[in-house]
Amino acid sequence: VANTVRERVNLPLGICVLWNDYKSSLAIAKVVGANFVRIPVFTEAVVTSCGIVEGNPYDAITFRNKIKAGEIAILADVQVKHAAPLAQRPIPESAQEAIHFGADELIITGRFTGDCPNIEELRKVREACPRATIVIGSGTTPKNYHDLAKYADKAIVGTYFKPEGKMILSRVKEITSLRG
């Protein structure tokens with residue numbers, strides 16, 4: 001599937017397998033020439049509906065080096081949606097830790113799919129990590145885009161395009177026209 005997407009789409013390609021299978025994600029990304037992987041739980045440990053998921057940045061970086069995939073960026077969620085951290089701490093601290101352990105970019109999301117990140121928390125992450133590339137992982141719309149863009153560099157947009165599960169092409173044009 002990833003090879004077919006790579007052949008047909010000339011955009012950055014990312015891989016994310018299951019909840020946190022970074023080894024499969026990196027291996028597939030290496031084989032198909034993807035640009036990045038998303039690791040939902042890179043650091044910390046969280047409780048999810050699937051149980052406890054523990055981040056292991058050392059193992060993720062070591063595996064990436066072992067398969068000679070250093071060109072594949074790691075996009076790490078910071079206090080990922082649909083989960084509760086086992087250790088409560090400020091989001092800027094979590095973001096700094098992800099950068100310290102080798103995340104190439106940080107993903108900041110709202111609490112659930114389609115939820116916008118808290119703007120104040122996003123601002124604090126930007127202040128704590130001024131040189132980091134920050135990606136909005138959920139909740140970007142034309143109404144909040146300019147507020148989010150004050151602190152973030154990129155956005156993953158998906159749910160906005162699928163109200164009631166149907167893709168709306170006019171919405172694709174609306175989002176893509178925001179940056180000119």
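These legends accompany close-up views of a predicted model.

**View 1. Six strands build an open parallel sheet.**
The strand order is β1-β2-β5-β7-β8-β9. Pairing in this sheet is parallel. β1 (14–15) and β9 (154–155) stand at the edges. Each of these two has a single partner strand, so one side of each lacks a neighbour in the sheet. Strands of a sheet pair through backbone hydrogen bonds.

**View 2. Strands β2 and β5 run parallel.**
β2 covers residues 36–39, and β5 covers residues 73–77. The two strands pair over 4 bridges. One place to look is F36: its bridge partner in β5 is A73.

**View 3. Helix α5 packs on the sheet.**
The helix spans residues 119–128. It touches two strands, β7 (105–108) and β8 (133–136). The direction of α5 makes about 165° with that of β8.

**View 4. Three strands form an antiparallel open sheet.**
Here the order is β4-β3-β6. β4 and β6 (84–85) are the edge strands. Each of them pairs on one side only.

**View 5. β3 and β4 make a hairpin.**
Strand β3 takes in residues 45–48, and strand β4 takes in residues 51–54. Between the two strands lie 2 residues. Their pairing is antiparallel, over 4 bridges. T48 has G51 of β4 as its bridge partner. V47 stands opposite I52, also in β4.

**View 6. A salt bridge joins E71 and K30.**
The closest N and O atoms of this pair are 3.6 Å apart. E71 lies in the loop between α3 (57–66) and β5, while K30 belongs to helix α2 (residues 22–32), so the pair ties together parts that are 41 residues apart in sequence. A search of the whole structure finds 12 salt bridges.

**View 7. The largest pocket holds about 740 Å³ of space.**
Its lining has 19 residues. Closest to the pocket centre are P12, L13, F36, A155 and I156. Several elements supply at least two lining residues each: α1 (2–8), β1, β2, β5 and β9. By class, the lining divides into 13 nonpolar, 2 polar and 4 charged residues.

**View 8. The largest cavity has a volume of about 60 Å³.**
Searching the whole structure turns up 1 cavity of 30 Å³ or more. Part of the lining comes from P40, V41, F42, T43, E44 and V46. D77, V78, Q79 and V80 also line the cavity, as do S94 and A98. The lining residues divide into 7 nonpolar, 3 polar and 2 charged.

Definitions and conventions:
Residues numbered from 1 in each chain as written. Predicted model: local features only at pLDDT ≥ 70, side-chain atom pairs only at ≥ 80, totals over all residues. Heavy atoms only, no water. 1 Å grid on protein atoms, 1.4 Å probe; cavity = no way out; pocket = protein on both sides within 12 Å on 5 of 7 lines; lining within 4 Å. Points joined across faces, edges and corners; volume = space filled by probe spheres on them. Nonpolar A, V, L, I, M, F, W, Y, C, P; charged D, E, K, R; others polar. Pairing = 2+ DSSP bridges. Contact = heavy atoms within 4.5 Å. Axes fitted to C-alpha atoms, helices over the stretch in contact; angles between N-to-C directions. Salt bridge = Lys/Arg side-chain N within 4 Å of Asp/Glu carboxyl O.
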